[in-house]
Amino acid sequence: MSIRQNLQVAFGALLANKLRSALTMLGIIIGVTAVVSLVSIGEGVESAITGEIEGTGSNIVVVVPGSEFQSNSGNDLLTLEDAQAIEDEVANLQAVAPQYTGTAQLIYEDEASLVTITGTTANVVDVLTIDLELGAFFTESDNDNAERVIVIESDTAEDLFGQLNPVGRSVRVNGVRFEIVGMITSTDGTITGGGAATAYVPLNTAYQSLFGATTAGGTQNPVTTVAMSALTGDDIAQVADDVQLLMRDRYDINLNEEDTFTVISQDELLDLVGDVTSILTLFLGAVAAISLVVGGIGIMNISLVSVTERTREIGLRKAVGAKYHHIVTQFLIETVVLSTLGGIIGVILSLLTAWGVNQTDLFTAVITTESVLLGVGFSMFVGVFFGLYPANRAARLHPIEALRYE
């Protein structure tokens, strides 16, 4: 028979046992839906995280206390002098912004909001992406004079003031009165460690009016982060290396000793996110692929039943001249049609799953051509792999014994 005739026979056999065919495809449908959906969600999560990191600014390098992302003990903070040394001695820098961060409660009349207070300099607008909606950012003069001014995020402004313009109004920060000079667009955090609700105040104001911060050596100028931006993307790696060498020299760290600080570049963080999400997506996809294997076993089982039911038909075909490869082709086409239909239905369900995820606005699930081809291709492979044994068994039946089969 031709391929067209084999396809007609395959579809006829499937339609003759609709419920059995549907139940047989169920494992393939679930497997393909799970694989394509999880891959698309993984792509979406990676894209969302990458977008957040890139949205904090461009060409960023930060220095934080502690080794290998471990939190510091509170006695090994960096200092303002470290930030000044970096600005003076490291080449290819656009700006340096030391930061001292703590938590505080903002109160306006009967409303209160818990935020992350970041004391920093006016240079921070040249390092991080800060979108000013109302008013202005504080100036270097405000920092020099330790003015009690504050810049809040739009979400915080809505919590405290509703639809009122917050600029020019006063809030109490841990009981200290501050004037709001600007409102910025809310973010979901930054590479420098800011939380979902961040407010900026001049660094000297943070020292004097809010935190009373000191380092272990008694210096009155501690910082929790030194953020900087390289002039170009090509300068990031060199800036990170130069900063590490400078800091090791400042803290007299020997060659065989571990750093007491961590230098993180934006590129390194993006690479780390990509590696982690890729491994996670691969792992979840492999787990989901188990459903495809289970579906393949179901196809093999039903194919063996079909061979038994159609033994006399097979004997008749062989008696009138059907060769081994004719019988194998017939049964393989039936299993491949079954698994491919399951794969197509699975892809359609995964598209609906991605659409549902996208309606949540948490992130955008990305259905790629590669994931669709992977799902359908693997389902076809399952059909061929698990259909070979039943097809081979059917083709090896002796025509006389097959015709005598009751």
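1. Let's begin at E109. With a relative accessibility of 64%, E109 counts as exposed, because the cut-off for that word is over 50%. You will find E109 in the loop between β3 and β4, the latter covering residues 111-120. Its backbone deserves a look too: E109 is not a glycine, yet its phi is positive, at about 55 degrees. Please keep in mind as you read on that this is a predicted model.

2. Now turn to A146, another residue to check for its backbone angle. A146 is a residue other than glycine, and its phi is positive, near 55 degrees. A146 sits in the loop between α5 (140-144) and β6 (149-153). Is A146 buried or exposed? At 14% relative accessibility A146 counts as buried, because the cut-off for buried is under 20%.

3. Next, find two helices, α3 (residues 80-89) and α8 (residues 236-250). Their axes come within 11 Å and cross at roughly 130 degrees. That angle makes α3 oblique to α8. As for the hand of the crossing, α3 passes α8 in a right-handed way.

4. Side chains of opposite charge can pair when their charged atoms come close. Here R250 and D82 form a salt bridge, and their closest N and O atoms are 2.7 Å apart. The two partners belong to distant parts of the chain: R250 is in helix α8, D82 is in helix α3, and 168 residues separate them.

5. How many salt bridges does a search of the whole structure find? The search finds two. Besides the R250 and D82 pair, there is a salt bridge between the side chains of R248 and D259, at 2.2 Å from N to O. This pair, too, links distant parts of the chain, with R248 in helix α8 and D259 in the loop between α8 and β12 (261-265), 11 residues apart. Both R248 and D259 are buried.

6. T79 and T224 are 145 residues apart in sequence and 8.0 Å apart in space, C-alpha to C-alpha. T79 is part of strand β2 (residues 78-79), and T79 is buried, with a relative accessible area of 11%.

7. N92 lies in the loop between α3 and β3 (93-108). With a relative accessible area of 34%, N92 is partly exposed.

8. Finally, look at the surface. Which residues form a nonpolar patch there? They are L280, F283, L284, V287, I290 and V294, and together they have about 550 Å² of accessible area. One of them, V287, is found in helix α9 (residues 266-309). V287 is partly exposed, with a relative accessible area of 42%, and it can join a patch because patch residues need over 30%.

Key: Residues numbered from 1 in each chain as written. Predicted model: local features only at pLDDT ≥ 70, side-chain atom pairs only at ≥ 80, totals over all residues. Heavy atoms only, no water. Patch = residues over 30% accessible without salt bridge, like charges linked within 9 Å, V, L, I, M, F, W, Y side chains within 5 Å. Areas by Shrake-Rupley, 256 points an atom, 1.4 Å probe, with all protein chains shown as cover. Salt bridge = Lys/Arg side-chain N within 4 Å of Asp/Glu carboxyl O. Helix = DSSP H or I, 4+ residues; strand = E, 2+ residues; numbered from the N terminus. Buried < 20%, exposed > 50% of the residue type's maximum accessible area, 1.4 Å probe, protein only. Axes fitted to C-alpha atoms, helices over the stretch in contact; angles between N-to-C directions. Parallel < 35°, antiparallel > 145°, perpendicular 65-115°, else oblique. Left-handed = near helix turned anticlockwise from the far one by under 90°.
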